[in-house]
Amino acid sequence: MAIPLYFVIQDKSLIWSIVLVLWVAAVLAGGYKVIARRRDQEQQALLRSFEEAAIRTLNHHRHDWMNDLQILYGYIQLGKIDKAVQCVERIKERMNQESKISKLGIPSLVFYLQSFRTSNSNLELEIAVDQDMQLDKLNPQVGTELAAVIMQTVRAYQYSGKVSWGDTRKLLLSLRQDGSEIIVSFEGDGSMGDPEILKQQIYNVVQGKRMKAEQLHPSQASFQLRVPCEL
């Protein structure tokens with residue numbers, strides 16, 4: 001662009017002015033194509049990542065169902081009807097819980113919770129959702145913030161403390177409605193590191209959000225979020 005600009009300044013002719021305009025247009029068009037190509041590449045990479053996560057989740061669920069059916073079939077073959085009934089009740093309870101999760105109404109949160117078991121995490125996540133709990137009734141911005149806060153809080157538990165080989169760490173995540181508030185509780189079981197550090201991380205996560213974090217028990221890795229049901 002410096003060459004046409006030089007001639008425009010020196011010559012001040014209409015031709016060089018037109019050349020300068022065309023040159024600038026060509027540069028801008030080229031830059032736009034580069035940006036658009038890079039954006040498309042990033043979107044394709046994100047889509048591939050999502051598709052791979054979805055496939056892992058489906059395969060994991062299929063594997064779980066096959067295990068349950070094999071156990072049930074084994075009990076039936078052995079004539080252990082009482083054990084078979086217990087197995088069916090466990091399957092029904094899991095189906096009911098997964099149905100409740102799928103009805104939460106925030107796609108990003110639903111996918112995160114249902115795919116968590118496929119992430120090879122050192123944290124076992126148990127989820128309890130009250131009947132008819134639907135977060136899509138929240139103000140859309142509050143719902144988006146809540147989904148992000150829940151995911152970030154689970155990650156804070158996931159990466160807190162030191163984990164020894166063979167250690168089992170569990171996190172119970174429960175969602176319920178209490179009057180005009182949604183209550184999201186986190187109760188850790190196992191080595192979760194320093195509760196004060198975890199507390200500070202969770203408080204930082206909710207900072208500036210329309211919700212409040214509370215520590216349920218002093219010196220323990222148990223917290224809850226209180227979210228107003230803004231419509």
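The hairpin of strands S2 and S3 has 2 residues between its strands, and Gly179 there adopts a positive phi near 65°. This is a predicted model in which local features require pLDDT of at least 70 and side-chain atom pairs count only at pLDDT 80 or more, whereas totals for chains, interfaces and linings use all residues. Residues are numbered from 1 along each chain as its sequence is written, and side-chain values use heavy atoms, with hydrogens and water left out.

Strands S2 and S3 pair in the antiparallel sense over 9 bridges, and Leu175 has Val184 in S3 as its bridge partner. S1 and S2 run parallel and are joined by 7 bridges; Ile127 stands opposite Leu173 in S2. Pairing here requires at least two bridges found by DSSP between two strands. Helices (H or I, at least four residues) and strands (E, at least two) are DSSP runs, numbered from the N terminus.

The mean pLDDT of the chain, the predictor's confidence in each residue from 0 to 100, is 79, and 76% of the residues reach 70 or more.

The largest nonpolar core contains 41 residues, and Leu135, Tyr157 and Leu225 have the most contacts inside it. Elements that each supply at least two residues of this core include helix H4 (107-115), strand S1 (123-129), helix H5 (140-158) and strand S5 (222-228). H5 provides the largest share, 9 residues. Such a core is a set of buried Ala, Val, Leu, Ile, Met, Phe, Trp, Tyr and Cys residues joined through side-chain atoms within 4.5 Å. Buried denotes under 20% relative accessible area, exposed over 50%, and partly exposed the range in between (1.4 Å probe, protein chains only). Not counting residues up to four places away in sequence, Leu135 touches Leu104, Ile106, Leu109, Leu146, Leu175 and Ile182, a contact being heavy atoms within 4.5 Å.

A search of the whole structure finds 6 salt bridges, each defined by a side-chain nitrogen of Lys or Arg within 4 Å of a carboxyl oxygen of Asp or Glu.

| Salt bridge | N to O distance |
|---|---|
| Lys92 and Glu89 | 3.8 Å |
| Arg226 and Asp178 | 3.9 Å |
| Glu181 and Arg226 | 2.7 Å |

Glu181 lies in strand S3 and Arg226 in strand S5, so this pair ties together parts that are 45 residues apart in sequence. Glu181 is partly exposed at 22% relative accessibility, and Asp178 is partly exposed at 39%. Lys92 and Glu89 are 3 residues apart in helix H3 (residues 81-102) and therefore separated by about one helical turn. Lys92 has a relative accessible area of 48% and Glu89 has 42%.

Asp68, Arg94 and Glu98 are linked in a network of salt bridges. Asp68 is found in helix H2 (residues 14-77) and is buried, with a relative accessible area of 15%. The side chain of Asp68 makes a polar contact with that of Arg94 at 2.7 Å. A polar contact is a pair of N or O atoms within 3.5 Å; within protein, one must be able to donate a hydrogen and the other to accept it, and residues adjacent in sequence count only if both atoms are side-chain atoms. Leaving aside neighbours within four places in sequence, Asp68 is in contact with Cys87, Ile91 and Arg94.

Ser115, in helix H4, is buried at 11% relative accessible area. The side chain of Ser115 reaches the backbone oxygen of Tyr112 at 3.4 Å.
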